[in-house]
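My entries follow the structure.

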Amino acid sequence: MNGSQMADEGRDFDRVAHWEKVYSTKQTTEVSWFEAEPTTSLDLIDRFVPQGGRIIDVGGGASFLVDRLVAKGTWEVTVLDIASSAIEHARKRLAENAGKVHWLCDDITESTRLAKYDIWHDRAVFHFLTNTEDRQAYLSRLNESIVLGGYFFVATFAPDGPEKCSGLPVCRYSVDQIENVLGRGFKLVSNAKFGHMTPT
Ligand SMILES: C[S@@+](CC[C@H](N)C(=O)[O-])C[C@H]1O[C@@H](n2cnc3c(N)ncnc32)[C@H](O)[C@@H]1O
């Protein structure tokens, strides 16, 4: 699937309601994308930006990435998610450390509150954008917010991965397709394929 062949599905569902329902009816350990430790993300961050800086976890949900980054003490962390219930889970867990994080409850395709970041981290969010307009909105925010020399870490389903996640259709990407979508402003520095074991 390349740019012109990508699914172009309309937004005929309430995206906010979908994700609020997920996080208010399921345990955070039950969701299919749960990982007890965000090892892959932390390894990439340590490898490419060991000194720390400003990072945004786009669609961070209730991931433990924010906990680990705050614990390092060298990161200014922003967590953005469309679901306030997801952000509430993470805030409660972080307790007094929650005040060290910038929390944004926004749809990334519409957010007007982004700053500049050394790393834009996205584990399993971009692939939910199945129409061209949303992808363009996401990419313009990415391009405006990432500093020169910054990093975009993105994890999407691969061409042989599932067609749906959380009951929603996804776009699946090969490495070439991700490069095409990003255009010439980005240079591929690393890629890898990961298997993910869902809690079930
Ligand atoms: C598959 S989950 C991944 C969560 C987290 N990145 C992780 O690895 O645990 C997708 C997340 O993206 C959020 N999300 C989906 N669409 C979004 C959008 N348009 N803007 C912001 N967040 C979105 C959901 O609420 C959910 O938390």
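Which element gives the largest share of the lining of the second largest pocket? I found that H1 does, with 3 residues. Helices (H or I, at least four residues) and strands (E, at least two) are DSSP runs, numbered from the N terminus.

I noted the ground rules. The model is predicted: local features need pLDDT of at least 70, side-chain atom pairs count only at pLDDT 80 or more, and totals for chains, interfaces and linings use all residues. Residues are numbered from 1 along each chain as its sequence is written, and side-chain values use heavy atoms, without hydrogens and water.

Pocket entry. I looked up the lining and got 43 residues, with Trp19, Gly59, Ala124, Val125 and Phe128 nearest the centre. A pocket is an open set of points on a 1 Å grid over the protein atoms alone, where a 1.4 Å probe fits, with protein on both sides within 12 Å along at least five of seven lines; lining residues have an atom within 4 Å of a point.

Ligand entry. The ligand sits in this second largest pocket (more than half of its atoms lie within 2 Å of the grid points). H1 and E2 each give two or more residues to the shell around the ligand.

Contact entry. I checked polar contacts (N or O pairs within 3.5 Å). A polar side-chain atom of Asp81 is 2.6 Å from a ligand oxygen.

Note on methods
A polar contact is a pair of N or O atoms within 3.5 Å; within protein, one must be able to donate a hydrogen and the other to accept it, and residues adjacent in sequence count only if both atoms are side-chain atoms.
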